[in-house]
Amino acid sequence: MACRVEVQDPGAFIDLSPDLNAIRTEIAQRRDLGPNSPMHYLGPSPRLTPNSEISAFAAGQVLSSDSAASTAVRLGRALHDEITFDATATTVDTDPLEAFRLRRGVCQDISHIMIIGLRSLGIPAAYVSGYLRTLPPEGGVRLEGADAMHAWVSAWCGANQGWIEYDPTNATLVGADHIVVGYGRDYGDVSPVIGHLRASGGQRSSQSVDVAPAH
């Protein structure tokens, strides 16, 4: 099955966000509960509850001079450096703390850990499910997580900045090579497969996806 989508290149990133104290003040004054409201993504969710170990790690990445956006990027880069991408280390049901202690996992694990960390700092954060371009443009680096569903993080960094998206698995701001499928509080909100299958005998399934630019 082929599907065609149009992706806008976000261009250069300009940091318009305030510091963490100002973010907390802005959130306290908000009354909007629309679909893009940061209020939906600040508290705990079914798969992501506060954790002291992850919160301490996130707090350790904060510099007094940092804006909310630079704090989010710094935390994402730190998790990329700290956690090894390993598709065999975890499963879809692995608790984020377990993956954090293992220092191994996949995009779902790393994104979940980053979201817990951001929320502990007072930055609303959403889980983003989507795809990556399979082959990079000439001279580019192939991103980890291509050929399958991928996950990254969207962080609300104040009214002037709005939402920024960061891919901690690849230590990069989200660009034209990322294709969004859905947003949620955690993986459970945007799981690509929901339900149960009962059948007799053995079974085996495999899935893959190619994302290529249309000419």
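Trainee: Why is Trp163 called partly exposed?

Mentor: This is a predicted model, and in it Trp163 has a relative accessibility of 28%. Buried means under 20% and exposed means over 50%, so 28% puts Trp163 in between, as partly exposed.

Trainee: And what makes Tyr41 buried?

Mentor: Its relative accessibility is 11%. The cut-off is under 20%, so Tyr41 counts as buried.

Trainee: How many aromatic pairs are there, and why is the one between Tyr41 and Trp163 called edge-to-face?

Mentor: The structure has three aromatic pairs. For Tyr41 and Trp163, the ring centres are 5.5 Å apart and the planes sit at 90°. Centres within 6.5 Å make a pair, and planes over 60 degrees apart make it edge-to-face, so that's what we call this one.

Trainee: What makes you say that Tyr41 and Trp163 tie parts of the chain together?

Mentor: Look at where they sit: Tyr41 is in the loop between helix H1 (20-29) and helix H2 (52-59), while Trp163 belongs to strand E5 (residues 163-167), so the pair joins parts 122 residues apart in sequence.

Trainee: What about Tyr127 and Tyr187, and which kind of pair do they form?

Mentor: Edge-to-face: 6.2 Å centre to centre, with 80° between the planes. This pair also links distant parts, with Tyr127 in strand E3 (residues 125-132) and Tyr187 in the segment after strand E7 (178-184), 60 residues apart.

Trainee: Are Tyr127 and Tyr187 buried or exposed?

Mentor: Check them against the under 20% limit. Tyr127 has 3%, so it is buried; Tyr187 has 14%, so that residue is buried too.

Notes. Residues are numbered from 1 along each chain as its sequence is written. This is a predicted model: local features need pLDDT of at least 70, side-chain atom pairs count only at pLDDT 80 or more; totals for chains, interfaces and linings use all residues. Side-chain values use heavy atoms; hydrogens and water are left out. Rings of Phe, Tyr and Trp (its six-membered ring) pair if their centres lie within 6.5 Å; planes under 30 degrees apart count as stacked, over 60 as edge-to-face and the rest as tilted. Helices (H or I, at least four residues) and strands (E, at least two) are DSSP runs, numbered from the N terminus. Buried means under 20% relative accessible area, exposed over 50%, partly exposed in between (1.4 Å probe, protein chains only).
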